[in-house]
Amino acid sequence: MEGVFAEIVGASSAMLEVYYRTRLVATSRASVLLIGETGTGKELIARAIHRLSPRADGPYIRVNCGALSESLLESELFGHVKGAFTGAIDNKTGRFEAAHGGTIFLDEISSMSPKLQVKLLRVLQEREFERVGESRTIRVDTRVIAATNQWLENEIEAGRFRDDLYYRLNVVPIRLPPLRERREDIQDLAVFFLKRYSEENRREPPDLTPGVLKALENYDWPGNVRELENYIERAVVLADGKPITPDVLAMPGQGSRRLRPAGTRSSDLQGLIQQLVRAGIQSVPEENGRLHELLVGGVERELIEQIMQLCDGIQVKAAFRLGINRNTLHKKLNEFSSETPKRED
């Protein structure tokens, strides 16, 4: 890709949809919610939106909401005045104020506390706020792009995220696909990172052997593009200009362990889900017409029943562990009870 997408590699249909939405939303004033697993490139898309927007000449400010405590994040976002709290020895300009006329990217938005969610909602609605310890209202013109690696709908149901804030942020959602859903991009990504890290280390780019390419394409990449990048960087260093072989791609600190095909790692939840779905497809006859009911319904019931046992039957505790509303859990338990046949004495 060229221009603002120069550092984003991928020509799969999933990525073409991302590029299309990015260009479409960039010229608007709408808030954007980037949704994707860790390592899928959400910040790269946020930067692309900024660079393609009329605000490209303005500041681009990034804040990781999950890296700071509530009080520090409040000061970081909105600023504070001298004496507002212990350690506030000077006035501080907040990130929203610094991003005036440009874009602010709020990463890991789901980790924001309820108190700060209220303040953020006000900025989105009214475009104003006060610094910590000050009553003077500051008005800003800042475009907000937020990112999350969790489904915010689940956070809302669990009572951890405000639905009104979600609707303000989710004006235009863009989903970043995990690498396992765009395996056709893996070779291009590997070549891109080979060139980058060979140049950085002043080495000739090593060749990728067919065996390595096959291993790369069959691996699930739970860390997504970021994990692949780390693998290639290590391979460049260890290959020392020679062709990259499967031996070079051993997992760090784990001796001779190698990349294994998708779905073979018992600790990988996504791989286990894929195995379960394949088993369900194979075991339920096509003419049955109840595959979704048997598979999804069966997994849901088993999950809830096991969590209830782990939580000693305490519904409040179980609902929190499951990340669902207590009323929803109560309703599900009643449904399971009515479906269970009564034994005759």
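The following paragraphs describe an aromatic cluster, a charge over a ring, a loop residue and a pocket in a predicted model.

Residues are numbered from 1 along each chain as its sequence is written. Because the model is predicted, local features need pLDDT of at least 70 and side-chain atom pairs count only at pLDDT 80 or more, while totals for chains, interfaces and linings use all residues; side-chain values use heavy atoms, with hydrogens and water left out.

The aromatic rings come first. Rings of Phe, Tyr and Trp (its six-membered ring) pair if their centres lie within 6.5 Å; planes under 30 degrees apart count as stacked, over 60 as edge-to-face and the rest as tilted. This rule gives nine aromatic pairs. In one of them, F78 and F96 are stacked, because their ring centres are 5.7 Å apart and their planes stand at 5 degrees. This pair links distant parts of the chain, since F78 belongs to helix 3 (residues 70-78) and F96 to helix 4 (residues 95-98), 18 residues apart. Helices (H or I, at least four residues) and strands (E, at least two) are DSSP runs, numbered from the N terminus. F78 is buried, with a relative accessible area of 0%, and F96 is buried with a value of 0% as well; buried means under 20% relative accessible area, exposed over 50%, and partly exposed in between (1.4 Å probe, protein chains only).

F78 also forms a tilted pair with F129, at 5.4 Å centre to centre and 50 degrees between the planes. F129 lies in strand 4 (residues 128-130) and F78 in helix 3, so this pair ties together parts that are 51 residues apart in sequence. Both of these residues, F78 and F129, are buried. Together, F78, F96 and F129 form one aromatic cluster.

R234 is placed over the face of Y231, 4.7 Å from the ring centre; the rule requires NZ of Lys or CZ of Arg within 6 Å of the ring centre and within 35 degrees of the ring normal.

Next is a loop residue. S31 is found between helix 1 (13-26) and strand 1 (32-35), and it counts as buried because its relative accessibility is 13%. Leaving aside residues up to four places away in sequence, S31 touches L124, V144, R168, L169, V171 and V172, where contact means heavy atoms within 4.5 Å.

Notes. On a 1 Å grid over the protein atoms alone, a cavity is a set of points where a 1.4 Å probe fits but cannot get out, and a pocket is an open set with protein on both sides within 12 Å along at least five of seven lines; lining residues have an atom within 4 Å of a point. Grid points are joined across faces, edges and corners, and a volume is the space filled by probe spheres set on the points.
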